[in-house]
Amino acid sequence: MDMARTKKLGVQFIFFCGNGSDTYNSAFQELASHMGFPDDSVKHFPMTHDIGNLLMFVDIVLYGSLRQEPGFPPLLLRSMSSEIPIIAPNLTVITKYVTDGIHAFLFNSGDPSTAASAFMRILGEKGLLDTAYSVALEGKLLSKNMLAYDCIVAHVKLLESVLHYPSDARLPLSFSQVKERTWLWDPFESKAALGNSSSEDERHIHTRIAGILLGESAQSNWTIDSDSNDTSSYDYPTQSDWDDLSEVEIFEDIEMREMEEIDERVEKPLLTWDEVYRNARKSERMKPEGNERDEGELERTGQPVCIYEIYRGEGAWPFLHHGSLYRGITLSKGARRPRSDDVDAVMRLSVLDDTYYRDLLCEFGAMFAIANRIDTVHKLPWIGFQSWRAAGRKVSLSESAEETLEKTMAGENHEDVIYYWVPMDTDQTSNFWSTCDCLNAGHCRTLFEDAFRNMYGLPEGVAALPPMPNDGDYWSTLHSWVMPTPSFLKFIMFTRMFVDSLHSLNGNNTEPASCLLGASQPEKRHCYCRILEILVNIWAYHSGRKMVYLNPVTGESKEQHLREER
């Protein structure tokens, strides 16, 4: 500003910093007036403004930041490419690329007042000195290839980390041997400028480009002879070679078709069922995967029931069962057990691919996935579920309980009954709704009542909370039960309406923090998990279905909550 007054230059100052709020602009103008800037000589633009438009009206760019940057400042690179002289501090990241007095004008970053000497090297009596124009031109030429070396090295490092060469391959050189100025645009610009040059000049340019790309070390191992056109050392296939190859391919195709026609005309004896089965199994074993899955499906053929064990990820694999009675279903995409016929719930129900809904529904999402187009995965008359946590709590079915369950299912029993083996309260003393409130932050009854009222359209004066007796019998939990497949589909239809009604009670459905059924953040994220575990009790009790508790250790069964007393 002092030099502009001395040399009588009309200088406009443009500051590119901060934000564009009115408060910031007014404070900035007040600061500029306090420092003595002439009126209307200061303009401020926020960092979000297009810098390209500003550079069209700028004669000098002063980079005032003294902070060490991880890379060359983009503003200086844009200014250099626009052929504008720059004044910058002598930071390490800047002196790495530019030289003072040649590509830019640098000042001491430890003493910002030395920037005045840089202005003295640029400003003359009537404007910019010739030195400023020459430095700006050199800066423009440098900016074209300045960051090419860093870009090449970064790409080479990337390729080294992803490419794996066979043992017999000749390994490339290390990226540390890449030289500065490895890549320049000048040879390509020279080629474009030549236009209709002679073929000899073109070959010379191609040799220069190849020399730049290969580097000195590669040139020492591979000499390019641009003047030699001798190709006698190469054994290229001739037209007769291609004709011979075509004749061989045609002959092989004709011979293959003749053999197929002969095989079709030969009379073959009819195979027995065992031979057909063995041939089918042999062809299946030739496939690279899926062998055990088909075997599991064959084992379940003719069985009355299948229990789906719900799990998440590889950590639950040790708690899962094997055999024809069980089949796993995973809530983690691509986390099925190897050599098994587990079901991928995410593949069957796309909404589970959303983490929000998968966490919200928890293990009940697996039941929704099975019910979706159930005929494609389950064709048995009975269906059951069991959480992987049942084995961890030592309440999963023992061998005797499994045998009792299979015999019961295989009998002439066509009654609509639900068997369960993980009780909600082992001492049989707690009230159903009291236990539910303890598990759901004290809001179980309230939300159940509101959800049922909304679901059935009940008026405010009518009681909406279903009564659940405290008769000393067991209630089911942990999604461990078996019921007829048609009843399961009715239960899923009921649950879908209930979940939709419950979900509509939340004003902000995408915020886990709005969940009233949990106190901690994990409980809020898995909002509906515990309330859906006990929903099967309300549905079975009030739909008049027989409820039977199966002792998971002894296999003894006893009817609970007698229908005559409901």
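Tutor: Start with Tyr420, which is buried, with a relative accessible area of 0%. This is a predicted model, where local features need pLDDT of at least 70 and side-chain atom pairs count only at pLDDT 80 or more, while totals for chains, interfaces and linings use all residues. Residues are numbered from 1 along each chain as its sequence is written, and side-chain values use heavy atoms, with hydrogens and water left out.

Student: Why is Tyr420 called buried?

Tutor: Buried means under 20% relative accessible area, exposed over 50%, and partly exposed in between (1.4 Å probe, protein chains only). Tyr420 has 0%, so Tyr420 is buried. Tyr549, at 12%, is buried as well.

Student: What makes the pair of Tyr420 and Tyr549 tilted?

Tutor: Rings of Phe, Tyr and Trp (its six-membered ring) pair if their centres lie within 6.5 Å; planes under 30 degrees apart count as stacked, over 60 as edge-to-face and the rest as tilted. The centres of Tyr420 and Tyr549 are 6.3 Å apart and the planes stand at 55 degrees, so this pair is tilted. Tyr420 belongs to strand S10 (residues 417-420) and Tyr549 to strand S12 (residues 546-550), so the pair ties together parts 129 residues apart in sequence. Strands (E, at least two residues) and helices (H or I, at least four) are DSSP runs, numbered from the N terminus.

Student: How many aromatic pairs does the structure hold, and which type is the pair of Phe15 and Phe28?

Tutor: The structure holds 25 aromatic pairs. Phe15 and Phe28 are edge-to-face, with 5.1 Å centre to centre and 65 degrees between the planes. Phe15 is in strand S1 (residues 13-16) and Phe28 in helix H2 (residues 22-34).

Student: Are Phe15 and Phe28 buried, or partly exposed?

Tutor: Phe15 has a relative accessible area of 29%, so Phe15 is partly exposed. Phe28 has 14%, so Phe28 is buried.

Student: How do you know that helix H16 is largely enclosed by the rest of the structure?

Tutor: Eight of the eight residues of H16 (residues 364-371) are buried, so H16 is largely enclosed. Among them are Phe364, Met367 and Ile370.

Student: Is Glu363 buried or exposed, and what makes a polar contact with its side chain?

Tutor: Glu363 lies in the loop between helix H15 (355-361) and H16. Its relative accessible area is 8%, so Glu363 is buried. A polar contact is a pair of N or O atoms within 3.5 Å; within protein, one must be able to donate a hydrogen and the other to accept it, and residues adjacent in sequence count only if both atoms are side-chain atoms. The side chains of Glu363 and Arg389 make such a contact at 3.2 Å.

Student: What makes H19 roughly perpendicular to H20?

Tutor: Helix H19 (residues 432-439) and helix H20 (residues 444-456) pack at about 105 degrees, with their axes 7 Å apart. Axes are lines fitted to C-alpha atoms, for helices over the stretch in contact, and angles run from 0 to 180 degrees between N-to-C directions. Angles under 35 degrees count as roughly parallel, over 145 as roughly antiparallel, 65 to 115 as roughly perpendicular and the rest as oblique. That makes H19 roughly perpendicular to H20.

Student: Which residues make the contact of H19 with H20?

Tutor: Trp433, Ser434, Cys436 and Asp437 of H19 meet Cys444, Arg445 and Phe448 of H20. Contact means heavy atoms within 4.5 Å.
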